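Visitor: I would like to learn how to read a few features of a protein model. Please take me through them one at a time.

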Amino acid sequence: MAAKDRTVDEARLDEFMAKFVQDAGAAMSAVLVVIGDRLGLYRAMADCEPVTAAQLAERTGTKERYVREWLSNQAASGYVEYDPAGGTFRLPPEQAMALADESSPAFVPGAFQIVAAMAKDEAQITERFRTGDGFGWHEHHPDLFAGTERFFRPGYLANIVPSWLPALDGVVEKLEAGARVADIGCGHGASTIVMAQAFPNSTFVGSDYHEASVETARRAADRAGVSDRVAFEVAGATEFGGGPFDLVCVYDALHDMGDPVGASAHVLAQLAPDGTWMVVEPFANDALEDNLNPVGRVYYAASTCICTPNSLSQDVGLALGAQAGPARLADVVRQGGFTRVREATATPFNLVLEVRP
Ligand SMILES: C[S@@+](CC[C@H](N)C(=O)[O-])C[C@H]1O[C@@H](n2cnc3c(N)ncnc32)[C@H](O)[C@@H]1O
C-alpha cells in the first residue's frame with residue numbers, strides 16, 4: 001500500500017470516533033433495555049406521567065440507587081425525558097408504545113433480548129470462526145427463542161393478515177372457506193397463531209426441529225384458545241408431514257436451514273397442486289453493497305451469530321445468510337422444483353415471495 005494511503009485524515013478520524021461513541025452507547029445500553037423490560041420499569045412508566053427514581057423504585061419493588069442510574073442512562077439515550085426542575089423522568093407516549101406495550105406493532109424490547117443472547121453466546125461463535133463448525137439454533141441461550149418471538153410477533157400482527165396474505169393470489173378466499181396450512185420453522189408459533197385466529201374455518205400445523213420451541217408453541221396455542229385447529233410437531237423442514245396443504249408458510253426461517261433446496265423439494269411434495277408457498281424472509285437487496293444500511297447492519301449481525309451458524313450445523317450447510325436477496329432465494333426454490341416465483345410485497349424489514357408449482 002502506498003504511504004499516502006495510510007495518511008490519517010483527522011476530520012475523518014473525528015467523524016469515526018463520534019460514530020464509535022454512538023455505537024458503544026447503544027451497545028451498552030442494550031443491556032439496560034433488557035433490564036428495564038424484565039423488571040417492568042418501562043411498564044411502570046407507561047402512563048407517561050413524570051416520576052422520580054424513588055417513586056419508580058417503589059412501584060417496581062426495586063432499589064432507588066440502581067433505578068436512578070438506569071433512568072439517567074435512559075435519559076441520555078433519548079428513551080425517557082428528564083426534567084431537572086422536579087428531578088423527574090417521563091416516558092413519552094411514542095417510547096411507551098415501543099417499550100412498554102407488548103401488543104403494539106412498534107414493540108422493540110425483543111430485539112434487545114436477542115442482543116443479550118448473542119452476547120451470552122459470543123465465546124462459542126468466536127470459536128466457530130476458527131473451526132468452521134456450525135452452532136445450532138437449539139444451542140443458543142433461551143433468550144434468543146423468547147426474544148425472537150417477542151421481536152417478530154408485532155410485525156406479524158401488523159402484516160400477515162392485513163397485507164401479506166392478501167398479496168398472494170386467491171389465498172385469503174381459500175383460508176376463509178377453510179384451508180389446510182403448514183407453518184415450517186414456526187419457532188414459538190406466533191405466526192401460526194396469528195393466522196389461526198383470523199381464519200376460524202382453516203386448520204394449521206406448525207413444525208420446527210427445535211423441541212423446546214414446539215412445546216412453547218403448544219402452550220401458546222392453548223392460551224390463545226386455538227388448539228382445536230392448531231397442531232405443533234417436532235420436525236425438520238425436509239421431514240414434516242400431513243400434506244397436501246393449500247398454503248405452506250415459512251417465516252424468517254428458510255435462510256436458517258442447512259438444506260433450503262431440499263426443504264423446497266419437500267414443500268413441493270407436501271403442497272396441493274394448486275397450492276401456494278409463502279416465503280417470508282428478511283428484507284434484502286441482491287447486491288451486498290445495496291444492503292449496507294441500518295437494516296442490513298442488523299441483519300448481517302444476526303446472520304453472523306445466529307442464522308449462518310445454524311445452517312452450517314445442519315446437513316448440506318448451504319449458509320444462505322439472512323441477506324440472500326430475492327434473486328438468490330428464487331434460485332433456491334426453483335432448484336427445489338418450483339417454477340413460479342414472484343415478489344408479492346415487502347416491508348422495510350421483510351420480503352414476501354409467492355412461490356407456486
Ligand atoms: C429466526 S427463527 C424464526 C421462527 C419463527 N418462524 C418466527 O418467525 O418467529 C428460525 C427458526 O427456524 C428453525 N429451524 C432452523 N432450521 C430448521 C430446519 N432445518 N427445519 C425446521 N426448522 C428449522 C429454528 O428452530 C427457529 O425456530
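This is a predicted model: local features need pLDDT of at least 70, side-chain atom pairs count only at pLDDT 80 or more; totals for chains, interfaces and linings use all residues.

Visitor: Which residues make the nonpolar surface patch?

Guide: A patch is built from residues with over 30% relative accessible area and no salt bridge. Here Val8, Leu13, Phe16, Met17, Phe20 and Val21 make a nonpolar patch of about 570 Å².

Visitor: Is Val8 buried or exposed?

Guide: Exposed means over 50% relative accessible area. Val8 counts as exposed because its relative accessibility is 54%. Val8 sits in the segment that comes before α1, the helix of residues 10-39.

Visitor: Which residues form the negative surface patch?

Guide: Asp and Glu count as negative. In this model Asp9, Glu10, Asp14 and Glu15 form such a patch. Asp9 belongs to the segment before α1, and with a relative accessible area of 41% Asp9 is partly exposed.

Visitor: Where is Thr88 found, and what is Thr88 in contact with apart from its neighbours within four places in sequence?

Guide: Thr88 is in strand β2, which covers residues 88-90. Contact means that heavy atoms lie within 4.5 Å. Setting aside neighbours within four places in sequence, Thr88 is in contact with Pro50, Val51, Thr52, Glu81, Tyr82 and Asp83. The C-alpha atoms of Thr88 and Ala54 are 9.8 Å from each other, although these two residues are 34 residues apart along the chain.

Visitor: Why does Thr88 count as buried?

Guide: The cut-off for buried is under 20% relative accessible area. Thr88 has a value of 14%, so Thr88 is buried.

Visitor: Now to salt bridges. How many salt bridges does the structure hold?

Guide: Side chains of opposite charge can pair when their charged atoms come close. The structure holds 17 salt bridges.

Visitor: What is the distance in the salt bridge of Arg153 and Glu149, and where do the two residues lie?

Guide: The distance from N to O is 2.8 Å. Both Arg153 and Glu149 are in helix α7, residues 143-164, and they are four residues apart, about one turn of the helix. Arg153 is partly exposed because its relative accessibility is 24%, whereas Glu149, at 16%, counts as buried.

Visitor: What separates Asp331 and Arg328 along their helix?

Guide: About one helical turn separates them, because Asp331 and Arg328 are three residues apart in helix α13, residues 326-335. Their side chains meet in a salt bridge with an N to O distance of 3.5 Å. Asp331 is partly exposed, with a relative accessible area of 36%, and Arg328 is also partly exposed, at 34% relative accessibility.

Visitor: Which strands hold Arg342 and Glu354?

Guide: The side chains of Arg342 and Glu354 meet in a salt bridge, at 3.0 Å from N to O. This pair links distant parts of the chain: Arg342 lies in strand β8 (residues 340-346) and Glu354 in strand β9 (residues 350-356), twelve residues apart. At 36% relative accessibility Arg342 counts as partly exposed, while Glu354, at 6%, counts as buried.

Methods. Residues are numbered from 1 along each chain as its sequence is written. Side-chain values use heavy atoms; hydrogens and water are left out. Patches are made of residues with over 30% relative accessible area and no salt bridge: like charges are joined within 9 Å, nonpolar side chains (Val, Leu, Ile, Met, Phe, Trp, Tyr) within 5 Å. Accessible areas come from the Shrake-Rupley method with a 1.4 Å probe; for residues, only the protein chains shown count as cover. A salt bridge is a side-chain nitrogen of Lys or Arg within 4 Å of a carboxyl oxygen of Asp or Glu. Buried means under 20% relative accessible area, exposed over 50%, partly exposed in between (1.4 Å probe, protein chains only). The place of a charge is taken as NZ of Lys, CZ of Arg, CG of Asp or CD of Glu.
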